Amino acid sequence: MVRISGMACVFLVALRLAIGWHFAVEGYFKIRSHQIGKTSTNTPWTAEPFFREGYGPIAEWYRGQLGLSDAGALARLRNPDAVAGEWSAYRDRLQQHYALADAQRSAVNAALQARITDLRNWLTGAAPSPAKKPLGNNTVDAPTTVPARLAEYDARLQEARQVQDSVQPAFNKPVDLGRVRTAKAEAARILGELTAELDARTADMRQALRSAAALTDEQKKRGEAPEPPAPRRPIQILDTVTMWTLAILGGCLVVGLLSRLASLLLAGFLLQVVLIAPALPHAPQPPGAVGHFLYVNHQVIEMLALLVLAAIPTGRWFGLDALWNRRGPTNR
C-alpha cells in the first residue's frame, strides 16, 4: 500500500481548493453577466464565438448540433419550397387572426402565389440577383444569380479549408492567416447579402398580403398577426448548462462534496474544450486565448490535475465527504 505524506495531502487539498475556486468564480461571473443583461459595460457571456472559431476534431460536429453552421441559411436559399412553406404559414396565421372573408382570402392567396413565383425565379436563377463587385477602390453593380453567388460562397469556404487542412499542416505553422480571414469574410459577406435580400422579400410579401386583404377598420383593431413563439437556440441552452455546471461543480470542489465525481466531470468538460480548440502549431489561437502553447495548454494541465484529484479522496481528508464517510459505525 502506497502511503502519502502529510505535506502531500495538504498540497493536494490546496490544489483541489484552487481549481474549485477557479471554476466556481468562472461560473459565477458568467451567470452574473446574464443577470445584469446587456449594458454599455456588460455583455452576457456566450460560448458561441468559441464554437464558431473552433478547429479541433469535434468542432464541426458541435457547430452542427448547436445550429451555428451556415447550413440553415443555405437550406433556405437552396430550397424554394422551404421558404414557400414559411410564407404559406404566415398566410394561414393572417387569415385566422383577422377572420378574413372569402373575397379577402382569395385576394391574399393570389398575392401570395405571385410572390412565391417571384421567389422561385430568384432562388433558381431565372431572375437576376443584385450584387456588388470591387473595382479599384470602389464597388460596382454586377447583377448575377443566386446559384452563382452560392457557388462563389462555396469556393471561398473551400479556399479557406484548403489552407487550414493542407497548407498550414504542411508548414506546421499558421501561414496564410490573412488569406483565410479574407476568404471567410468574403463568404460571410455573400451569405449575409443573400440572407438580407431574402428577409427583405419576406417583409415585402407580408406587406403585400396585408394590402391585398384590404382589412376593415374592425379587423385592423386586432393588431398584427401573432408570431409563433421562437424556441430557445441550442447554444443558449448550452450556455445556461455550462455556466451553472461550472459554478456548482467548482463549489463542490471547494467544500469537498462529491469531490472525486466533480473532478472527473470537470476533467471531461476540459477534454471537450481541448478537442474543440487544441493547441496545434499550425492553428490560430481561439478567441480570448492568452499566452503561447504547443500541444499542451493550461486546459490540458488543469484537466490532468483534475484526473489526479479524481483518483484521490481529498474530500475525505478535508471536506464534506469526510462527514458522509464517517456516518457508518465502522467508519466512525
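**Reading the model**

Me: Into which class does Ala 99 fall: buried, partly exposed or exposed?
Reply: The relative accessibility of Ala 99 is 46%. Buried means a relative accessible area under 20%, exposed means over 50%, and partly exposed is what lies in between, with a 1.4 Å probe and protein chains only. At 46%, therefore, Ala 99 counts as partly exposed.

Me: What kind of model is this, and where does the residue numbering start?
Reply: This is a predicted model, in which local features need a pLDDT of at least 70 and side-chain atom pairs count only at pLDDT 80 or more, whereas totals for chains, interfaces and linings use all residues. Side-chain values use heavy atoms, with hydrogens and water left out, and residues are numbered along each chain, as its sequence is written, from 1.

Me: How many helices and strands are there in the chain, and what share of its residues is buried?
Reply: Helices (H or I, at least four residues) and strands (E, at least two) are DSSP runs, numbered from the N terminus. Counted in this way, the chain has 14 helices and 2 strands. Of its 332 residues, the share that is buried is 34%.

Me: Among contacts in the chain between residues at least 6 apart in sequence, what percentage joins residues at least 24 apart?
Reply: Contact here means heavy atoms within 4.5 Å. Among contacts between residues at least 6 apart in sequence, those that join residues at least 24 apart make up 71%.

Me: What distance does α1 reach from its first C-alpha to its last?
Reply: Helix α1 covers residues 6–36, and Gly 37, with a positive phi near 85 degrees, follows it. The expected span of a helix is 1.5 Å times one less than its number of residues. For the 31 residues of α1 the expected value is 45 Å, and close to it is the distance that the helix reaches, 44 Å.

Me: Which helices are included in what covers the buried residues of α1?
Reply: The buried residues of α1 include Cys 9, Leu 12, Val 13, Arg 16 and Ile 19. An α-helix has 3.6 residues a turn, so residues three or four places apart point the same way. What covers the buried residues of α1 includes α10, α11 (259–276), α12 (298–310) and α13 (314–317).

Me: How are α1 and α10 oriented to each other?
Reply: Axes are lines fitted to C-alpha atoms, for helices over the stretch in contact, and angles run from 0 to 180 degrees between N-to-C directions. The axes of α1 and α10 (residues 234–255) are 7 Å apart, and the angle is about 150 degrees. Angles under 35 degrees count as roughly parallel, over 145 as roughly antiparallel, 65 to 115 as roughly perpendicular and the rest as oblique. That makes α1, relative to α10, roughly antiparallel.

Me: How do the residues of the contact of α1 with α12 divide into nonpolar, polar and charged?
Reply: These helices pack at about 125 degrees with their axes 11 Å apart, and α1 and α12 are therefore oblique to each other. Residues of α1 including Leu 12, Ile 19 and Phe 23 meet residues of α12, among them Ala 305, Leu 306 and Leu 309. Ala, Val, Leu, Ile, Met, Phe, Trp, Tyr, Cys and Pro count as nonpolar, Asp, Glu, Lys and Arg as charged, and the others, Gly among them, as polar. The contact of α1 with α12 divides into 8 nonpolar, 1 polar and 2 charged.

**Helix α3**

Me: What distance separates the C-alpha atoms of Ala 59 and Ile 276?
Reply: Ala 59, in helix α3, counts as buried at 2% relative accessibility. Leaving aside neighbours within four places in sequence, Ala 59 is in contact with Gly 54 and Ile 276. Ala 59 and Ile 276 are 217 residues apart along the chain, yet their C-alpha atoms are separated by 4.7 Å.
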